[in-house]
Amino acid sequence: MHIQIFQGNQIGGCVTVISAVHNGKTHRIMIDYGASLPGSEVEEDFRYPWEDEPVDAVFFTHYHGDHTGRIMEIPSGVPLYMGSVARKVMTNIQEALGNSERISDADVHKREAELLKDDTRVNEFIYNGSCYDAVDLPGFHIEPYMVDHSAYDAYMFLVEAEDEACEDGYYRILHTGDFRGHGRRGQKMLTLIEAYVRRFGERTIDALVIEGTMMSRPKEKVLTEPQMQMEAAKYLKDHMYAFLICSSTNVDSLASFYQAAQMAGGRPYGRWMYVYSNYFREQLRLYTKTAGTFSTVYRFGKVGLLKEMGVARKNDRMETAMTQQELMERFGFLAVIKPADFCEEYIDMFMEAYHAGRIKQKPVIIYSMWEGYIEPGNKAENKEWTEFLSRQEQKGIKVERMHTSGHATPRMLADVIKAVDPADAIYPMHTECADDFQNLDIGNLRNRIVPQDDGSYVKI
Ligand SMILES: [Zn+2]
């Protein structure tokens with residue numbers, strides 16, 4: 001058996017192990033070793049039998065915790081493979097947590113940051129100008145391809161596993177990881193599959209392992225990132241004092257809001273983006289230095305810190321210096337916060353400015369994360385957040401929801417399945433509704449869908 005999928009019937013925490021026989025010996029690679037997301041039925045993640053079924057290497061599709069969260073449990077001799085930006089994003093997160101006084105297990109995070117910085121453990125994918133270099137290991141040839149997801153630097157993997165029973169000696173598996181078609185880079189995926197993965201039909205893919213997050217969210221409204229940017233620009237034009245709740249790792253949506261703020265204006269100072277921590281600013285700098293070299297959309301130039309509210313600022317066009325707070329009151333802002341007490345103080349400052357008549361509009365909050373986290377009764381609901389938001393609403397502050405999913409729509413899933421045209425099997429994973437893959441518009445390919453009660457899906 002080539003493919004084993006653990007916890008494939010849930011969104012997040014899925015682990016894939018692929019095996020191959022080389023010179024009479026079984027070799028294995030693992031794709032992702034993440035933690036189950038809050039709200040999933042799993043109370044404790046399964047433990048992979050590292051001793052009995054050792055793996056030669058672990059490949060990470062992207063930096064989200066449901067794919068990387070258990071990296072510290074991987075035995076020390078196992079090499080790790082990931083994208084170079086993903087590695088830095090993760091290191092920034094772990095260093096910030098490791099240095100935080102509010103966190104009780106800071107040491108664990110410090111050790112994880114050390115692991116991520118260890119060049120003897122971590123290997124980065126290397127871009128060669130047209131695609132990423134393949135990785136060759138005993139029994140395997142692995143080709144990483146960048147995909148669009150709410151995490152930047154996310155990959156799918158084409159894995160060629162040695163198999164004497166196959167006509168040309170290889171069983172080929174395409175593992176999509178998490179992806180979508182409606183981000184700025186998403187449209188390229190189908191062309192990439194046709195040209196690089198399938199080599200215009202020259203290369204046959206035997207099995208497709210594909211995520212299906214959105215199969216359980218069919219009613220979710222899906223905007224493209226540029227569409228959301230336009231909506232945000234219109235909204236920010238009418239709302240000068242906007243707070244934003246958005247993940248520090250969702251580069252594309254942060255770019256949409258940052259660019260929207262620039263479109264909404266605020267001369268001569270411009271509409272700055274303020275963030276709640278040094279850590280957050282560090283991530284924006286990283287995206288500017290990396291993604292920003294490919295497209296100006298990802299360049300975050302005007303970024304300040306909310307905690308520097310009292311610092312005096314002056315630029316060439318201003319006659320006298322003003323404090324940051326005065327500038328924010330005069331020219332408006334887009335300020336990224338999180339639902340926490342220390343951020344509520346910033347909101348209150350501007351409510352006070354409104355009541356004192358210094359500003360003409362009330363501040364507003366844009367919520368740009370998955371709806372489920374703030375949906376009363378949803379199993380993933382974060383009560384702290386729901387309470388935070390309803391407290392702000394009680395003060396008369398409007399909470400506007402503006403979000404687009406990081407995952408593929410059912411239509412995109414069907415397009416990818418048809419483009420890959422797997423000869424042998426389709427394995428839905430990262431989904432609570434694997435059975436619904438039968439309803440996708442994929443013609444006879446639906447006969448290749450492997451039901452989740454098949455032995456390849458390891459029951460925990
Ligand atoms: Zn995921």
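Select strand E1 (residues 3-6) and strand E2 (residues 15-22) in this predicted model. The two strands pair in the antiparallel sense, over four bridges. Now pick out Phe6, and look across to E2: the residue opposite Phe6 is Val15. As background, strands of a sheet pair through backbone hydrogen bonds, and the pairing can be parallel or antiparallel.

**A residue in a loop: Asp32**

Go to the loop between strand E3 (25-31) and strand E4 (57-59), and select Asp32 there. Asp32 has a positive phi of about 70 degrees, although it is not a glycine. In general, most residues other than glycine have a negative phi. Is Asp32 buried or exposed? Asp32 has 27 C-beta neighbours inside 10 Å, and it counts as buried because the cut-off is 20 or more.

**Another loop residue: Arg199**

Move on to the loop between helix H4 (188-197) and strand E11 (207-211), where Arg199 lies. Arg199 is not a glycine either, and its phi is positive, near 45 degrees. Arg199 has 10 other C-beta atoms within 10 Å; it is exposed, since the cut-off for that is 12 or fewer.

**The six-stranded sheet**

Now select the strands E7, E8, E9, E10, E11 and E20, which form an open sheet in the order E7-E8-E9-E10-E11-E20. This sheet also has mixed pairing. Strand E7 (135-137) and strand E20 (425-429) are its edge strands, and each pairs on one side only. From one strand to the next, the twist averages 20 degrees.

Within this sheet, select strand E9 (residues 154-162) and strand E10 (residues 170-175). They run antiparallel and are joined by six bridges. Find Glu160 and look across to E10: Arg172 stands opposite.

**Two helices together: H4 and H11**

The crossing of H4 past H11 is right-handed. Which residues of the two helices meet? On the H4 side, select Met189, Leu190, Ile193 and Glu194; on the H11 side, select Asp415, Val416, Ala419 and Val420.

Select helix H5 (residues 225-238) and helix H6 (residues 251-264). The axes of H5 and H6 are 8 Å apart, with a packing angle of about 40 degrees. That angle makes H5 oblique to H6. H5 passes H6 in a right-handed crossing. Residues of H5 that make the contact include Met228, Ala232 and Leu236, and those of H6 include Phe257, Ala260 and Ala264.

**Ala242 in strand E12**

Select Ala242, which is found in strand E12 (residues 241-245). It counts as buried, with 25 C-beta neighbours inside 10 Å. Leaving aside neighbours within four places in sequence, what is Ala242 in contact with? Select Leu236, Leu334, Val364 and Ile366. For a distance, pick the C-alpha atoms of Ala242 and Ala261: they are 9.6 Å apart in space, while the residues are 19 apart in sequence.

**The whole chain**

Finally, show everything. The chain has 11 helices and 21 strands. Its radius of gyration is 23 Å, close to the 23 Å given by the globule rule for 460 residues, so the chain is as compact as a globular protein of that length. The C-alpha trace spans about 80 × 45 × 45 Å along its principal axes. Of the 460 residues, 42% count as buried. Among contacts with a separation of 6 or more, 69% are between residues 24 or more positions apart.

Note on methods. Residues are numbered from 1 along each chain as its sequence is written. This is a predicted model: local features need pLDDT of at least 70, side-chain atom pairs count only at pLDDT 80 or more; totals for chains, interfaces and linings use all residues. Two strands pair if DSSP finds at least two bridges between them. Two residues are in contact if their C-beta atoms, placed from the backbone, lie within 7 Å. The radius of gyration is taken over C-alpha atoms; the globule rule is 2.2 Å times the number of residues to the power 0.38. A crossing is left-handed if the near helix is turned anticlockwise from the far one by less than a right angle, and right-handed if clockwise. Axes are lines fitted to C-alpha atoms, for helices over the stretch in contact, and angles run from 0 to 180 degrees between N-to-C directions. Angles under 35 degrees count as roughly parallel, over 145 as roughly antiparallel, 65 to 115 as roughly perpendicular and the rest as oblique.
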